[in-house]
Structures are given as C-alpha cells and as structure tokens.
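Work through the exercises below with the model open. Each task is followed by a stepwise solution.

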Amino acid sequence: MRRMLPLLCAAALLSGCAARSEPTIQTFFAMDTTMSVTAYAEDPTDALVAAQQAVNRLDALWSRTRPDSDIARLNAAAGTGAVAVDGDTAALLTTANAVAEESGLAFNPVLCPVMDAWGFGSTESETTAVHRVPAQAELDELLPLTRDLPLVDGDTAALALPGQAVDLGGIAKGAAARYVVDALTQNGVERAIIALGGNITALGVRPDGHPFRVYVRDPRGEGEDYLCLIALPDGRTCSTSGGYERCFVADGVTYHHIIDPANGYPAQSGLLSVTVVADDPALADAWSTALFVLGPDEALRRWKSGQGTVAGMDLILVTDAGHVYVTQGLEEGLETLGEEAGYTYEIVRR
Ligand code: ADP
Ligand code: MG
C-alpha cells in the first residue's frame, strides 16, 4: 500500500548498488495495491515484464471483482456445486485452508461476507468503499457462513453454503511473490527486492555480498517512521500486518480491516502490528494476518513450542503498549529505530 513506496526506495538505497549495475525499479498496481520489483542486472527489462505479467495473470485468477476470475466464479456458484479452477488457484486454496486449520480459523479465507458488511471487502476500491459498523444481528447472520472452508478436489473447488464467499486478500499477494521470483530467475535476474503490498521478498543478496535490509514501519507513526531495520536473507519474505493499514473512525472509535473471525469485529488482540519472516511468502502473508488475530501470547507460545509452522518463522510483534518482541533469528542485522518514539525491544529466545 501507500507505505510501500518509501520503503522500497529505502530498500533500493540500502542495497548500496555496486558499480556494475544500478537497480531498475518497476512499479505497478495489481491486487488492489502498489507493487514494485527492484532488479539488479545488466538489462532486466524482459524479466520485469515477465514478473508483472505473472502477477497480472494471478490477479485475473484470484480477483473477487472480475466476474470471470476463478474466485468470482467459485463465489457465484456457492451452494450449487463445484467449479473448475486453475491448478494455481486450487493450490492457493489448499494453502489457505491449511493455514486456516492450523490457526484455528484466525486466518479465514471465507470471511468475505463479514468483511463486506464492514465495507472492507475488495469489491469496491478503498476510495469509494462505504465503511460502517454492522449491527450485531447482521453479524450473527453472516458468521455461520464463515465456518466451512472451501472444498478443493483436484482442479475443482466448491463452497458448501449459498452466500459463502472467498477473499484471498490476506494471502494472494504473498503467494504471488513465488511466481515473481520464478519469472525473474527464468529471465536471468539473480538479485532483486520484490515488494507486493506488505510483503517483501529478497532474491539473492546485495551486490556487495551482504543480505538485503528492509525497514519495518512504525505502526503508530506516519508512513516514513520506522520501527527497525532487519536483514532479509536470500529467498526470505517479510510480511507485515497492521491495523493502521486500512481503517475508519465512527463515533470516535477506530475500526481496522483485520477481522477476528470469532466475533466478526476488528481484532483486538493487543497488537499494533505483526511482521513475519519466512521462507514461504504465502505462509508469511497469511500467518502475519493470523498472528495479528491470535495476539502476542499465543504467537509467542507457538513460536517457543518449537512445533508447527510458526516455530519455523521469525516474528516481530508490536504490542499496544509499544513493546516489541523480536525472535532470535532476526537479532543479527537488527537495527532498532523506535526508542525515541517510546518503543522498547526484547529479543525472544527459545
Ligand atoms: P494487507 O492486505 O492490508 O497488506 P493483510 O495481509 O494483513 O494486510 O491482509 C488483510 C486482508 O485480509 C484484509 O484486507 C482482508 O481482505 C483479509 N482479512 C481480514 N481479516 C482476515 C482474517 N481474519 N483472515 C483472513 N483474511 C482476513
Ligand atoms: Mg497478511
């Protein structure tokens, strides 16, 4: 989103481009957000075109708003039977279901009717969306539609109940990073920083041989205030979810766009933002949303347990009180930047 541009410029600057190749930055709009690919290569033109085409293809498959997309057809057929979908769509739905199950539905790919009730659905662009606080009775009617996950069978998918709808907004951008990496490497680019909304993926290392570094935004600050700087090793993705991303104010209360599927209200788990660093970009994206819903205690419990998907990731959890938990894998290369803004930092070890 809006925060990505400064972040990206920062990433480009920090990459300290060695003499041989100035980076080439391709910025485009897809999946309802600003994306950019910063490539370090002699002539990355073809690779950048291929990367953008790959994202556009996925957007055409996964968009809710394009009537002929896989997801729009799946939603239109809710309660009536299965539709044929692309193998990439089936794979993404399968991944989304796996995160949903492991997170106890904190990440919920069928939350769409509830999102729409708040005006956070992606059917309208952010500028025209009508945000409102739904009545409890309305939420009570919609929540039962969010309990059954999509059924995926080979290259078909189905939603059991009429009125159910899938929205992959919390995972699609992360998932797309894998395809961008493939498009770049197949076209000869070995070093790049890929920023797809709140997800940043490092391909290779900086020209000087050190890992790329990325800024994590201060969730209480303006767009150009930063919480910290972290190293992002080759192949890893850093995804951030925060309540500040999209929100509205009604009667003096701020409502944000990450919804707790347990009650249909914006998640109040004690966190301002969650950053996940992981090898799998789709999982980084989906788990940043899931952990934002689950809250700091449950996030740290899962990480410390040494078992399950979260244990294999690194986390930065920013609590409402301004305490920042950073798991040990991020300690090397960490530069804290928010002390003056009142943040306190703690390295969490296992
Ligand atoms: P963003 O897409 O704003 O970068 P996230 O990756 O955290 O941030 O995803 C938030 C998006 O995910 C929302 O805009 C909405 O489409 C969807 N969403 C909100 N709450 C949930 C949830 N509990 N589970 C799955 N998706 C959610
Ligand atoms: Mg996410």
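This is a predicted model: local features need pLDDT of at least 70, side-chain atom pairs count only at pLDDT 80 or more; totals for chains, interfaces and linings use all residues.

Residues are numbered from 1 along each chain as its sequence is written, and side-chain values use heavy atoms, with hydrogens and water left out.

**Exercise 1.** Find which residues come nearest to ligand 1.

Solution. 
- Step 1: the shell (residues with a heavy atom within 4 Å) has 19 residues, of which Ala-106, Asn-108, Lys-173, Ser-241 and Ile-259 come nearest.
- Step 2: by class, the shell holds 9 nonpolar (Ala, Val, Leu, Ile, Met, Phe, Trp, Tyr, Cys, Pro), 4 charged (Asp, Glu, Lys, Arg) and 6 polar residues (the others, Gly among them).

**Exercise 2.** List polar contacts (pairs of N or O atoms within 3.5 Å) of ligand 1 with Ala-106, Lys-173 and Ile-259.

Solution. 
- Step 1: a polar backbone atom of Ala-106 is 2.9 Å from a nitrogen atom of the ligand.
- Step 2: for Lys-173, a polar side-chain atom lies 2.4 Å from a ligand oxygen atom.
- Step 3: a backbone N or O atom of Ile-259 is 2.8 Å from a ligand nitrogen atom.
- Step 4: of the 560 Å² of accessible area (Shrake-Rupley method, 1.4 Å probe) that ligand 1 has on its own, the protein covers 96%.

Definitions and conventions. Chains are lettered from A and ligands numbered from 1 in the order in which they are written. A polar contact is a pair of N or O atoms within 3.5 Å; within protein, one must be able to donate a hydrogen and the other to accept it, and residues adjacent in sequence count only if both atoms are side-chain atoms.
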